Amino acid sequence: MNGDEAMVTTTTYEGTTVVRLRGDLDAESAPGLAQALVEAAERGASRTVVDLSQAEFADSSVLHALFDARKAHMAAGVVLVLAGPLQVAIRRLFEVTGSGPAFRMTDSLETAMTC
């Protein structure tokens, strides 16, 4: 971790909810992420994109929040897409845990908006 303050922001653009993550995300920031993702699933948009391109670090609590969001989005019939490009530590989290294939992932926010 490099000490960048964690930030979770949400915007809506043309029927898509975009949840942007920035900095070092851990157990302290995971509840805010989880809440943003619950609200996104309930909002009625057809798609939620989680922009991970500015996330420097994430631990298992963040991964847990993403899995919970995946389940909630599937139940609500909302597409959930994770967008990169992923920083090394984020890519490694998905590789080490083998969890990458469980998610729809793209290399850019632009691609995630339409895939």
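One definition to begin: two strands pair if DSSP finds at least two bridges between them. Strands (E, at least two residues) and helices (H or I, at least four) are DSSP runs, numbered from the N terminus. Now the ground rules. This is a predicted model, where local features need pLDDT of at least 70, side-chain atom pairs count only at pLDDT 80 or more, and totals for chains, interfaces and linings use all residues. Residues are numbered from 1 along each chain as its sequence is written, and side-chain values use heavy atoms, with hydrogens and water left out.

β3, residues 47-58, and β4, residues 79-83, pair in the parallel sense over five bridges. Across that pair, aspartate 51 stands opposite alanine 83 in β4.

Now zoom out. The sheet is open, with five strands in the order β1-β2-β3-β4-β5, and its pairing is mixed. Which strands sit at the edges? They are β1 (7-13) and β5 (104-106), each pairing on one side only. From one strand to the next, the twist averages 25°. Angles here run from 0 to 180 degrees between N-to-C directions, and axes are lines fitted to C-alpha atoms, for helices over the stretch in contact.

Next, the helices. Contact means heavy atoms within 4.5 Å. Helix α1 packs on the sheet and touches β1, β2 (16-25) and β3. The direction of α1 makes about 175° with that of β2. Helix α3, residues 88-97, lies across β3, β4 and β5, running at about 110° to β3.

How do α1 and α2 pack? Helix α1 (30-42) and helix α2 (60-76) pack at about 10°, with axes 9 Å apart. They are therefore roughly parallel to each other; angles under 35 degrees count as that, over 145 as roughly antiparallel, 65 to 115 as roughly perpendicular, and the rest as oblique. The α1 side includes Leu33 and Leu37, and the α2 side includes Val62, Leu66 and His73. By class, the contact residues are twelve nonpolar, two polar and no charged. Nonpolar covers Ala, Val, Leu, Ile, Met, Phe, Trp, Tyr, Cys and Pro; charged covers Asp, Glu, Lys and Arg; the others, Gly among them, are polar.

Last, two loops. Between β4 and α3 we find proline 85. The peptide bond from glycine 84 to proline 85 is cis, with omega near 10°. In the loop between β1 and β2 lies glutamate 14. Its phi is near 45°, a positive value in a residue other than glycine.
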